[in-house]
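The following exercises concern the local geometry and the side-chain pairing of one chain. Please work through each task before reading its solution.

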Amino acid sequence: MSFQQVFQNIKRFMEKDPYGSYKLMFGTDSQVHSTYTRFITGIVIQCETKGAWACIRKVIVPRKMNQLHERISFETSLTEEVVSMFTEERKEELIEIVLPNIYRGGSFTIEGHIDIGSGDKNKTRIFVNEMLARMEALGIEPKIKPEAFVASSYANRYTK
């Protein structure tokens, strides 16, 4: 699908219920294979208690990316790239769907899901502040494990 098709699907999903509480979420996960590394970015629009619409974007790097910081940073870059396609004008189009209904439950938020965790046993914990700052710089709410399900669960299933 083209980005325009993805955007139209998100818009149609939201127009079905302009009173809904929506979260537009993005997240990337990766898997190192024998001769390449596969990156999957998930794009999910969720209406609280009423389901979701989702799609993925696949990027293949033709080498093994074994350095954890390089891979996490590239995952974040791919998420940033997709988020940047949602220009202020496009975000406004989506906000306009729920704006007349904000006093009746309508809402719209954007989240960036990063496949890292802050737990003592998590190897990625040393990158948390850096990656959170990158998402915040885009003006979106960052989420890490266990709340980062678009990256750690949805995108993850397509990296294998």
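**Exercise 1.** Is Arg-57 buried, partly exposed or exposed?

*Solution.* This is a predicted model, in which local features need pLDDT of at least 70 and side-chain atom pairs count only at pLDDT 80 or more, while totals for chains, interfaces and linings use all residues. Residues are numbered from 1 along each chain as its sequence is written, and side-chain values use heavy atoms, with hydrogens and water left out.

Step 1: buried means under 20% relative accessible area, exposed over 50%, and partly exposed in between (1.4 Å probe, protein chains only). Step 2: the relative accessible area of Arg-57 is 27%, so Arg-57 is partly exposed.

**Exercise 2.** Which residue forms a salt bridge with Arg-57?

*Solution.* Step 1: a salt bridge requires a side-chain nitrogen of Lys or Arg within 4 Å of a carboxyl oxygen of Asp or Glu. Step 2: the partner is Glu-81, with the closest N and O atoms 2.7 Å apart. Step 3: Glu-81 belongs to helix 2 (residues 68-85) and Arg-57 to strand 3, so the pair ties together parts 24 residues apart in sequence. Helices (H or I, at least four residues) and strands (E, at least two) are DSSP runs, numbered from the N terminus. Step 4: Glu-81 is partly exposed, at 35% relative accessibility.

**Exercise 3.** Where in the chain are Glu-93 and Lys-11, whose side chains meet in a salt bridge?

*Solution.* Step 1: the N to O distance of this salt bridge between Glu-93 and Lys-11 is 2.6 Å. Step 2: Glu-93 is in helix 3 (residues 88-98) and Lys-11 in helix 1 (residues 3-15), 82 residues apart. Step 3: the structure holds nine salt bridges, one of which joins Lys-143 to Glu-141 at 2.9 Å between the closest N and O atoms.

**Exercise 4.** Which peptide bond is cis?

*Solution.* Step 1: most peptide bonds are trans. Step 2: the bond from Lys-145 to Pro-146 is cis, with omega near 5 degrees. Step 3: Pro-146 is in the loop between strand 5 (141-143) and helix 5 (149-155).
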